[in-house]
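Trainee: I would like to go through this structure with you. May I ask about its contacts and its interior as we look?

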Amino acid sequence: MKLIPLFCLFTFTISAHIVFSQNTSSPDPLYHICLGGQNYSSSYGTNLQALFSSFSVTVPPTGFGLGSIGEGADRINGFGLCRGDVEYHDCNTCLATATSEIHKRCPYNKGAVIWYDNCAVKYSDEKFFGKIDGTNKVYLLNVNNVSDPNAFNKKVRYLITSLSEKAVVPSMNLFATGEVALGGYSDEKLYGLVQCSRDLSSSDCKKCLDDALNELPNCCEGKRGGRVIGGSCNIRYELYPFVRLKVITYRSSVVP
């Protein structure tokens, strides 16, 4: 059984600024995983670089692009995904950083996945398009606790569930953000984000997001912020705004 890495992110007052600036200047990813065998031919390496180069053209205009290059044992499959609220320039910058950095960190592997706040890159010699990746994942959390974990956890589940339903509407491109007032015990707002890689169908995206939500208790129950980031989808919630566009507001203060 593959171990899932666990991480703790300490959130301070300036956390939103750290999140916004991290991937435009820093090569340090949220996490990366090297996959597959560690020996490949020069042709495979050439195809990998060609795939990486294609991402700068195919991904930024829409935020997602995939491709397959080569034949037989030298064939490589991969995609680049930018967060749905990230603009063209920041998307392209993140992809350039991600493809350069993953090559350094997994120089001889036939597959890898790397995550940043603004983007993710995944590639493999195996055919993985259209399949939910339930193996490669990482948890990130704010180690600070909320005052009423039971009420808070219900709000988190309500918000992420609502966003997951919204994300699979065809016009949403498998991405949604939103907020909800905590109400009652707190005047704070809860902010959320969900996203799937667009090689998935809407039904598989919903399943991936539901599975990620069900894993939140493993890492983040009662915590002021948390994420489950996987090879096919990711979910995130925080008690501060962290997206660049107007979010969908769920105004009900009562969790169904």
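Trainee: Which residues does V194 touch, not counting residues up to four places away in sequence?

Mentor: Please keep in mind that this is a predicted model. With residues up to four places away in sequence left out, V194 touches I160, L163, S164, A167, L174, F175, A176, L209, N234 and I235.

Trainee: Which residues have the most contacts inside the largest nonpolar core?

Mentor: They are F152, L190, V194, L216 and I235, in a core of 32 residues. At least two residues of this core come from each of β7 (137-145), α4 (149-167), β8 (175-183), β9 (186-196), α5 (202-219) and β11 (233-238). Apart from it lies another core, which has 21 residues, V59, I76, C82 and L95 among them.

Trainee: Moving on to β5, is A112 buried or exposed?

Mentor: A112, which lies in strand β5, counts as buried, at 0% relative accessibility. Not counting residues up to four places away in sequence, A112 touches I33, C34, L35, I102, C106, V121, K122 and Y123. One of these, I102, is among the buried residues of α3. A112 and S124 are 12 residues apart in sequence, and their C-alpha atoms are 6.6 Å apart in space.

Trainee: Let us turn to charges. How many salt bridges does a search of the whole structure find?

Mentor: The search finds 13 salt bridges. In one of them, the side chains of D125 and K110 meet at 3.8 Å, N to O. D125 lies in the loop between β6 (119-124) and β7, whereas K110 lies in the loop between α3 and β5 (111-115), so the pair ties together parts that are 15 residues apart in sequence. D125 is partly exposed, at 33% relative accessible area, while K110 counts as buried at 15%.

Trainee: What about E215 and K137, how do their side chains meet?

Mentor: They meet in a salt bridge, at 2.5 Å, N to O. Because E215 lies in helix α5 and K137 in strand β7, the pair ties together parts that are 78 residues apart in sequence. E215 is buried, with a relative accessible area of 16%, and K137 is buried as well, with 10%.

Trainee: Where do E188 and R224 lie?

Mentor: E188 is in strand β9 and R224 in strand β10 (residues 223-230), 36 residues apart, so to speak linking distant parts of the chain. Their side chains meet in a salt bridge of 2.9 Å, N to O. E188 counts as partly exposed at 28% relative accessibility, and R224 is partly exposed with a relative accessible area of 27%.

Trainee: Which residues do salt bridges that share partners join into one network?

Mentor: That network consists of D117, R227, R236 and E238.

Trainee: Then to the rings themselves. How many aromatic pairs does a search of the whole structure find?

Mentor: There are 8 aromatic pairs. The rings of Y40 and Y44 have centres 5.0 Å apart and planes at 45°, so this pair is tilted. Y40 is partly exposed, with a relative accessible area of 23%, whereas Y44 counts as buried at 0%. The rings of Y240 and F242 have centres 6.4 Å apart and planes at 75°, so that pair is edge-to-face. Y240 is buried, with a relative accessible area of 15%, and F242 counts as buried at 1%.

Trainee: Which residues form one aromatic cluster?

Mentor: F64, F79, F128 and F129 form it.

Notes
Residues numbered from 1 in each chain as written. Predicted model: local features only at pLDDT ≥ 70, side-chain atom pairs only at ≥ 80, totals over all residues. Heavy atoms only, no water. Phe/Tyr/Trp six-rings, centres within 6.5 Å; stacked < 30°, edge-to-face > 60°. Buried < 20%, exposed > 50% of the residue type's maximum accessible area, 1.4 Å probe, protein only. Helix = DSSP H or I, 4+ residues; strand = E, 2+ residues; numbered from the N terminus. Core = buried A, V, L, I, M, F, W, Y, C linked by side-chain atoms within 4.5 Å. Contact = heavy atoms within 4.5 Å. Salt bridge = Lys/Arg side-chain N within 4 Å of Asp/Glu carboxyl O.
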